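Visitor: I'm new to this one and would like a friendly tour. Could you show me how to read it, feature by feature?

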Amino acid sequence: MGFLEKLKILGPAAKYDLCASTASNRAIKYSKFNTIGMGNPVAGGVCHSFTPDGRCVSLFRVLLTNQCSNDCAYCINRVGRECLKAAFEPKELVRVFLGLYERNYVEGLFLSSGIPRDPEVAMEKTLEVVELLRTKFYFNGYIHLKLIPGANYDQIKRASAITDRLSMNIETPNQSRLSELSSTKRLMTDILKRMKWIKTLAEREDNYVPAGQTTQFVVGAAGESDLEILERMEKLYSQMDLKRAYFSAFDPIDQTPLEKIPKTPLIREVRLYQADFLHRNYDFHFRDLKSVLNENNMFNLSKDVKLCYAFQNLDRYPIDVNNEDTTLQELLKVPGIGPTSARRIIKAKKAGYRFKKLKELARIGVVVKRATSFLEINGRKQARIDNYV
Amino acid sequence: MCKEKSVVVVFDSTFESLLSTALVCESMGMGAKAVHKDHFNPYMIDKESKIIQTANNNDERYIQFEEILKIYEKRKGCFRLSNYELQEIKKLIDWNLRYKKNDMGKFALILKIIRQCLVEGPSIVLSQVTTESRETYRRSRQVGCEYHKACGFLRLDVVGDFLVSTAKFEHEVEDLIVRFWSKRYPEKTVVLFSPSKQKPFAYKGTKGKVSFVEGEEMAVLRAKINDEIKEILACSIVQKDSNEDIERIFEAFYDVSSIPSRRNKRLARRCVPKKYSERFKMKEGVKIEYGIQKTKLDAFIVDQSLNSTNEYKEKKNSGKT
C-alpha cells in the first residue's frame, strides 16, 4: 500500500482527536542557536489552511496505525469494527512530514496511534517516529504526542523530554462512566496515574513538555452531566497542572454499539468551551460556573454561560467603569467585556481618563450591545436589564 | 523685536528619528516643521530657517537623540516615558512604519501619536482612547495580519538549497517573513520574490540574516535557481519527494481531515484568506458558499407561471422570433 492510500485511511481515523494551539516557549531557546536541521516552534499558533468545517489545519495530524485492541464504544477504530486497516512505517512518515514542513504546509506534527496489542509496544513505535525526527533529522519544530493509556514511566519520561505537548484522552469524567464505554480502559491506573507522571516530570525537569499537557472529553457518549465534567476539570486543573481541556460532542459512528444513540448537540460543546475559557482567561472559579447549571446539572443551551452568571447575580451589577474601586476581575465578569478590553479600561483609568459615552467603550473593544445593561458610566445606568431580556 | 527663526526638522523612517523629531517639535512649539528626508527640498525652504537633521546620514546638521533630549528636558521638564512604555510605543510605531509602502501620510499620524504620548501620557495611546491611537492600532493590526497570514499560508518550493516563494504585499513585511523562515530553515537559503511591475525585488535570507536584492544581483539569483531546477530535472534518480508529490499528499490530507457532520460553510468562508485561496485546496471552503448560483428575483416570478426556467426561456425565444 502506498503512502497516499495509507493516508486516506489513517487521516480520517485521527480527525476526532483535537489539537489547536501550536504555541511553545521552546521557540526562544532554539531560534538563536540552531544552525542545522529545521524547525522553530513559535510563541503563537499559526494556521496553514482551513477545512470546510471551519477548523484550522495547523499540524499534520495522523495515526501511526488504526489497528486497536480496545473496545471503546464511541471510537472509529474500535476492535471488531470492519474498516480498512493500515500502519505507517516510521521512516516514511518522517520523510513525508519533513517534506510538508519544509514547504510550509504544516506547523508541526500531531501523532497518535491505535493499540494493536501491547500498549507499551505501540508507545515505543510512536516514540520511534519522534526520536527519529529529533535526533536524526534535528527537527526543532512543534510536536504534540498523544500518549497511549498504559505506557510505562520510562516511555513517558522520554516523550516528555522530546515533545512540546503531551496529551492523554480522559474521555469521561469518572470511572463509572468510562466502564459504560470501554471494558479495557481504567481511569485511575491507565490515565490519571500517567497524567500525574507528566506533571511531576514537567515540574522536576527544566525543558520537559514546554507546552504542557492537555486532555479531551467525549461529551454525551456516556450520558454524563456538565456538573460531572466540571468537577473533573476542576481536579485536573488543580492536581495535574492541565494546560487546557478539549471537548468533542459525541457523533455516532456506524458499526459501533452507540451507532443508534442520537448525537450530542454541538451547542453543548460550545457551552463547555465557554466554561473552560471563563475559568482560564476570565478568572471565574468553578463554583461560579457550577452555580449557573440548571436542575439537571447542565448548562443552559440557549444562553451563553457568562450571561447566565450575570443574570443569576444581578445584585453585583451594574458596575461603574469610572469607579476607582472597580477591579479587573469585576470588569471581566461583565458580559461583553473581554480580558483585552478590561485591561484597556484599567489602563485608561490609571492615566486619569474618564469615560463619558458608551461609544468610547466600544472604541476600546467592549461589545456595547451585550454590556450596556450591566454597566454604569459616572453613576448613570445605560440600559435596563428588562430591555436586554 | 527680534523675530524667532523657523525650524525645519528632517527625519527618516526610523523610530529614533521620529521620536527625536517629535521632541524637537514639542520643544519649539509652533515654529517647527517636520519633513521626511525623501520630500525635503532645500530650495523650497526659507533661507533664514534653521534645519535640524534627525535622520542619521552623515549630515553635519545631524543632532543625536541624547542632545535633543537635553533640549527637550530643559524646555519642557523631564521625559516621562518609562522604558516599558517606550518599548510598547516603539513596537506600535515599528508596525506603523511598515504600513502601505507609498503612503507618506503615515508619518504625520505617527508624529501625532508620539506627541500625545509626550503631552498626555503613554496610557492614552496604549489604551486606545483617542481616535489617532485607535487608527494607529488598526494599522498595526493590518500590517501584523498580512505578516502572520503570509507566514502561514504562503507555500515554499524546494529548489536544491533554495526555498523559493513569490508574493506581492500591500505593506512592507517581506524582510520579516524571510527572517522568520530563514530562522526556521537554517540549512537553506530562503528567497522571496516580489513581482512589482516598476521595480521587481527579492529578499534573501540565510540563518536569520536577511538581505535586499534587486537589479543585476536579482538576475544572478534567478539564474542560479533556474540552474538548480535544470539540474534536478536532468537527474534521473529523484531521491526526495517533488513539490508536486507533496502538494498531492497535502490535498489528500486536507480532504480527509474535516468532519462532514460539522460542515460550517460560513465559518470556513470567513477564515480562508482570499489572497491565498487560489494556490491550494482551501478554495473548496470558499466554493461551498460561492459555488451556489445566484438566484434572481425573476426566477421566482417565472416559477409561478411556468414549471421550469427552460420552458420560460423557450417561450421567450419563440416570442422573439
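Visitor: How many residues does the contact take from chain B, and how many from chain A?

Guide: A word on the model before that: it is predicted, so local features need pLDDT of at least 70 and side-chain atom pairs count only at pLDDT 80 or more, while totals for chains, interfaces and linings use all residues. Residues are numbered from 1 along each chain as its sequence is written, and chains are lettered from A and ligands numbered from 1 in the order in which they are written. Now the general idea: two residues are in contact if their C-beta atoms, placed from the backbone, lie within 7 Å. In this case chain B puts in 46 residues and chain A puts in 44 residues.

Visitor: Which helices of chain B each supply at least two residues of the side that touches chain A?

Guide: Helices (H or I, at least four residues) and strands (E, at least two) are DSSP runs, numbered from the N terminus. On chain B, the helices to look for are α5 (122-126), α6 (131-153), α7 (174-184), α9 (243-256), α10 (265-271) and α12 (283-290). Of these, α9(B) gives the most, with eight residues.

Visitor: How do the residues on that side of chain B divide by class?

Guide: The sorting goes like this: Ala, Val, Leu, Ile, Met, Phe, Trp, Tyr, Cys and Pro count as nonpolar, Asp, Glu, Lys and Arg as charged, and the others, Gly among them, as polar. The side of chain B that touches chain A has 25 nonpolar, 11 polar and 10 charged residues.

Visitor: What does chain B have by way of helices and strands, and what share of its residues count as buried?

Guide: Chain B has 14 helices and eight strands. A residue is buried if 20 or more other C-beta atoms lie within 10 Å of its own, exposed if 12 or fewer, and partly exposed in between, with C-beta atoms placed from the backbone. By that count, 30% of the 321 residues of chain B are buried. As for contacts in chain B with a separation of 6 or more, 59% come from residues 24 or more positions apart.

Visitor: What is the strand order in the open sheet of chain B?

Guide: Two strands pair if DSSP finds at least two bridges between them. The open sheet has five strands in the order β4-β5-β6-β7-β8 (chain B), and the pairing is mixed. At its edges sit β4 (157-159) and β8 (209-214) of chain B, each pairing on one side only. From one strand to the next, the twist averages 25 degrees. Inside the sheet, β5 (residues 162-166) and β6 (residues 189-194) of chain B run parallel and are joined by five bridges. Take Leu163(B): its bridge partner in β6(B) is Val190(B).

Visitor: Which helix packs on the sheet?

Guide: That's α7(B), touching β5, β6, β7 (201-206) and β8 of chain B, with its direction at about 30 degrees to that of β7(B). For such angles, axes are lines fitted to C-alpha atoms, for helices over the stretch in contact, and angles run from 0 to 180 degrees between N-to-C directions.

Visitor: At what angle do α6(B) and α7(B) pack?

Guide: About 40 degrees, with their axes 10 Å apart. Angles under 35 degrees count as roughly parallel, over 145 as roughly antiparallel, 65 to 115 as roughly perpendicular and the rest as oblique. So α6(B) and α7(B) are oblique to each other. Tyr147(B), Ala150(B) and Cys151(B) of α6(B) make the contact with Leu176(B), Ile177(B) and Phe180(B) of α7(B). By class that's six nonpolar, no polar and no charged residues.

Visitor: How about α4(B) and α6(B): which residues meet there?

Guide: Helix α4 (residues 106-120) of chain B packs with α6(B) at about 125 degrees, axes 10 Å apart, which makes α4(B) oblique to α6(B). Leu109(B), Lys112(B), Ile113(B) and Gln116(B) in α4(B) meet Glu132(B), Ser133(B), Glu135(B) and Thr136(B) in α6(B). Here the classes come to two nonpolar, three polar and three charged.

Visitor: Last stop: why does Pro339(A) count as partly exposed?

Guide: Because Pro339(A) has 14 C-beta neighbours inside 10 Å. You'll find Pro339(A) in helix α13 (residues 339-350) of chain A. Leaving out residues up to four places away in sequence, Pro339(A) touches Asn281(A), Tyr282(A) and Leu332(A).
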